[in-house]
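The tour goes stop by stop: select, look, move on.

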Amino acid sequence: MNPLPILVVDKKGIVGEALCQKLALSSLTVYVSQKQPKLDGIFFVPYINNSPTIPGYTYSHVFVVDNGALSKAHLIEFLKKAKKDNATLIFVTSLSDVSSFYKKIKASHGRAKIVILGDIIGNNAYPMLIYNAIKFGKIELANDGLSKTYPVFLEDVVSGIIEASFNKDTETSVFYLFPKHPLTDLSLARMIQKANPTIHVDFSETRDRHSGNPSSQFPLPKGEGEGGKYLLPDNYPLEKKIRELNIEGLMDRHFNTSTLLSINPELGHSAE
């Protein structure tokens, strides 16, 4: 059992809840979120009025999940708390938001680690293609389906964050949790259709404003040494995981129970 508690802050809770479920097995875990988790063994603090309250423990690790709405003032609070406690700060962000606070974090806290996520699948949050397949039974592709996509399943996100956080490798401060070799939207759509033959795939004449490779629009920062570390294997079994997702079963569940789904094209741009 870790002698010091761990702090996890995730306003929307997509990553934070799943992360707390693992961390609470070996540490007292304090969780700050708008969404109260269905978990035992954690100390929950509501995230009220866009202003997270940090309970005054001394922490070994501080996890901050940026949902695209984290203010600079709140970031400074977390940095100060991590420095005061001599804690490891783990800043979890998405490809689209990676450059926002990177320099500030690295300049302020040498023990900080930055984990950059792809397009999360899990906890009722899905990239737009999968969301549309579940809700409408069809996928509509813009830009001839050639936009890049970086899908990653939530269980692999959680395992990767924990690996990065407790890794003794001090040379690496930036970790990538998305496939090293991205798919096109068309490739992912065909993968979904192969596993779920009732899904229709069509092309749209509209242009997607997120077209192109996110890593070219939002340059990935380099860690110490040769750069960041990819945490997923080169042969990430995405097709197998898509098959096991059982989208047709999720479609039935959605229509029969009105399950709320979240569009999650990037971590910072989810909506219900």
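Does Lys-241 count as buried or exposed? Lys-241 counts as buried, at 15% relative accessibility. Here buried means under 20% relative accessible area, exposed means over 50%, and partly exposed is in between, with a 1.4 Å probe and protein chains only.

Some ground rules before the next selection. This is a predicted model, in which local features need pLDDT of at least 70, side-chain atom pairs count only at pLDDT 80 or more, and totals for chains, interfaces and linings use all residues. Residues are numbered from 1 along each chain as its sequence is written, and side-chain values use heavy atoms, with hydrogens and water left out.

**Whole chain**

Show everything as cartoon. The protein has nine helices and 16 strands. Helices (H or I, at least four residues) and strands (E, at least two) are DSSP runs, numbered from the N terminus. Colour by accessibility: 54% of the 272 residues count as buried. Now turn to contacts, meaning heavy atoms within 4.5 Å. Among contacts between residues at least 6 apart in sequence, 74% join residues at least 24 apart.

**Stop 1**

A salt bridge is a side-chain nitrogen of Lys or Arg within 4 Å of a carboxyl oxygen of Asp or Glu. Lys-241 and Asp-156 meet at 3.0 Å, N to O. Lys-241 lies in helix 8 and Asp-156 in helix 5, so this pair ties together parts that are 85 residues apart in sequence. Asp-156 is buried, with a relative accessible area of 18%.

Glu-155 is partly exposed, at a relative accessible area of 46%.

Stay on helix 8 and pick Lys-240 and Glu-244. Their side chains meet in a salt bridge of 2.7 Å, N to O. Both residues lie in helix 8, four residues apart, about one turn of the helix. Lys-240 is partly exposed, with a relative accessible area of 43%. Glu-244 is exposed, at 53%. Across the whole structure, a search finds six salt bridges.

**Stop 2: Leu-232**

Select Leu-232. It sits in the loop between strand 15 (229-230) and helix 8 (238-245). Leu-232 is buried, at 9% relative accessibility. Which residues does Leu-232 contact, leaving aside its neighbours within four places in sequence? They are Val-152, Asp-156, Tyr-176, Leu-177, Phe-178 and Pro-179.

**Stop 3: strand 6**

Select residues 113-117, which make up strand 6. This strand is mostly covered, with five of its five residues buried. Show the side chains. In a regular strand the side chains alternate between the two faces of the sheet. Lys-113, Val-115 and Leu-117 point one way from strand 6, while Ile-114 and Ile-116 point the other way.

Two strands pair if DSSP finds at least two bridges between them. Strand 5 (residues 88-94) pairs with strand 6 in the parallel sense, over five bridges. In this pairing Ser-94 has Leu-117 as its bridge partner in strand 6. Strand 12 (residues 174-177) also pairs with strand 6 in the parallel sense, over four bridges. There, Val-115 has Phe-175 of strand 12 as its bridge partner.

**Stop 4: helices 4 and 6**

Select residues 128-136 (helix 4) and 185-195 (helix 6). They pack at an angle of about 35 degrees, with their axes 10 Å apart. Axes are lines fitted to C-alpha atoms, for helices over the stretch in contact, and angles run from 0 to 180 degrees between N-to-C directions. Leu-129, Ile-130 and Ala-133 of helix 4 make the contact with Asp-185, Leu-188, Ala-189 and Ile-192 of helix 6.

**Stop 5: Ser-204**

Finish at Ser-204, in the loop between strand 14 (200-203) and helix 7 (214-217). Ser-204 is buried, with a relative accessible area of 18%. Leaving aside neighbours within four places in sequence, Ser-204 is in contact with Glu-140, Leu-141 and Ala-142.
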